[in-house]
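I would ask you to look at the structure with me while I go through several of its parts in turn.

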Amino acid sequence: MEEEKKRKSELKQQQEGKISELDELSVSLEQDISTQFAKIRQYLDEKEKHLMERLRKQKQVDLRLMEENMKKIEVEVVSLDEKIGNLRVDIEQQDGIAFLKELQRLRERYLDKGEEGENGEEDSQSREDEKILTLPRRKYLDFQGPLLYITWKQMKQIISPVPASLTLDPNTAHCKLFLSKDLTRVRTSDSMVELPNNPQRFDAIPCVLGSQGFTSGKHYWEVEVGNKTDWVLGVAGESSNRKGNLSLGPEYGYWTVWLNSRKKYIATDRMFVQLTPSVKPGTIGVYLDYEGGQVSFYNADNMSILYMFTDTFTEKLFPFFCPGLCEGTSCAPLVLRHIEL
């Protein structure tokens, strides 16, 4: 009983330790969540304040011009009232015959140069001065339209990690792989290309690595898989074997998710784990937290998580791509998605 008590006490201490770990993890995650969303709120508040200030300033500029023009028109109206009043006095002081005799003088006095200029053309100068300032809608285009979408695209500067715009490394590509000129698409071909068998190149399985490797930080990228029925995606260590048939798994330097020809989604952990996504993913998101020892896979269409690896990383890691065999719809390429926010 004493031995049993001792063993139970040790289990209790271990459980207390796990509870303490959970508390620490929860506090850390709460702080991180608060920090991330505070950053978004601050950005949106500043963006709103900046737009409102620009709108007010633009309104002040245009309103000042319109009010100045209105005052000018008011002055002209007052002047015309005075001229009309003077003209009525002149008419009332004379009979009709005398008024007609002096009509030309009155024209010159009250209508300046008269209705016709010296060359017989209508004097349009006064008409050109008569205008109203219309609402300059073009100046307000920045404050209209899909404001939320525009703001979302501009939020790239505060997103961490920024979705990586990856490219493929031709020096690692299997000789049956066809890479696009911009190195963002890869598909398996029926024909082989003569390529130097350098140490970096896969020689048995149609695979290729990304050009960018990571030794620190948090990184995220997306790959369009579409309706392909065979592919493998994930992360590979710099020293992982690339010759002969590959053994996938963290112990071999590969952290991957695989869709096999039997339409099964598999996480190639130390023991393969079958995944059951609720919705068939058309785009896969891969998240690498180097210091945090995490590689996570997402259905990027709805950002639901598919699987998460936890490990300790000690070498450079590269994005890993295998478009599978060329059969039916699986002949379509894997596409590196360059996200423009």
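Is Thr184 buried or exposed? Please bear in mind throughout that this is a predicted model. Thr184 is buried, because its relative accessible area is 9%, and the cut-off for buried is under 20%. As for its place, Thr184 belongs to the loop between strand 1 (177–179) and strand 2 (185–188). Leaving aside residues up to four places away in sequence, Thr184 touches Leu166, Leu168, Leu334, Val335, Leu336 and His338.

Let us turn to the helix. Helix 1 covers residues 2–93, and Glu92 is found in it. With a relative accessible area of 67%, Glu92 is exposed, since that value lies over 50%. Between Glu92 and Trp231 there are 139 residues in sequence and, from C-alpha to C-alpha, 101 Å in space.

Helix 1 also holds Ile33. Ile33 has a relative accessible area of 48% and is therefore partly exposed. Together with Leu25, Leu29, Phe37, Ile40 and Leu44, Ile33 forms a nonpolar patch on the surface. The accessible area of this patch is about 530 Å² in total.

In what order do its strands stand? The order is 3-12-5-6-7-8, so named for the six strands that form this open sheet, and the pairing is antiparallel. The edges are taken by strand 3 (208–209) and strand 8 (273–275). Each of these has a single partner strand, so one side of each is left without a neighbour in the sheet.

Strand 5 deserves a separate word. Strand 5 (residues 231–237) and strand 12 (residues 317–322) run antiparallel and are joined by six bridges. Within this pairing, Gly237 stands opposite Leu317 of strand 12. Strand 5 is also joined to strand 6 by six bridges, and these two strands run antiparallel as well. Here Leu233 has Val257 in strand 6 as its bridge partner. Why can strand 5 be called largely enclosed by the rest of the structure? The reason is that seven of its seven residues are buried.

My last topic is the aromatic rings. How many aromatic pairs are there? The count comes to nine. In one of these, the rings of Trp255 and Phe313 have centres 5.2 Å apart and planes at 90 degrees, so the pair is edge-to-face. Trp255 lies in strand 6 (residues 254–259), whereas Phe313 lies in the loop between strand 11 (304–310) and strand 12. The pair therefore ties together parts that are 58 residues apart in sequence. Both Trp255 and Phe313 are buried.

Tyr307 and Phe309 form another aromatic pair that is edge-to-face, with 5.0 Å from centre to centre and 75 degrees between the planes. Tyr307 has a relative accessible area of 16% and so is buried. Phe309 counts as buried because its relative accessibility is 2%. Finally, one aromatic cluster is formed by Phe202, Tyr254 and Phe320.

To draw these parts together, we have seen Glu92 exposed in helix 1, strand 5 largely enclosed, and Thr184 buried in its loop. Thank you for your attention.

Key
Residues numbered from 1 in each chain as written. Predicted model: local features only at pLDDT ≥ 70, side-chain atom pairs only at ≥ 80, totals over all residues. Heavy atoms only, no water. Helix = DSSP H or I, 4+ residues; strand = E, 2+ residues; numbered from the N terminus. Buried < 20%, exposed > 50% of the residue type's maximum accessible area, 1.4 Å probe, protein only. Patch = residues over 30% accessible without salt bridge, like charges linked within 9 Å, V, L, I, M, F, W, Y side chains within 5 Å. Areas by Shrake-Rupley, 256 points an atom, 1.4 Å probe, with all protein chains shown as cover. Salt bridge = Lys/Arg side-chain N within 4 Å of Asp/Glu carboxyl O. Pairing = 2+ DSSP bridges. Contact = heavy atoms within 4.5 Å. Phe/Tyr/Trp six-rings, centres within 6.5 Å; stacked < 30°, edge-to-face > 60°.
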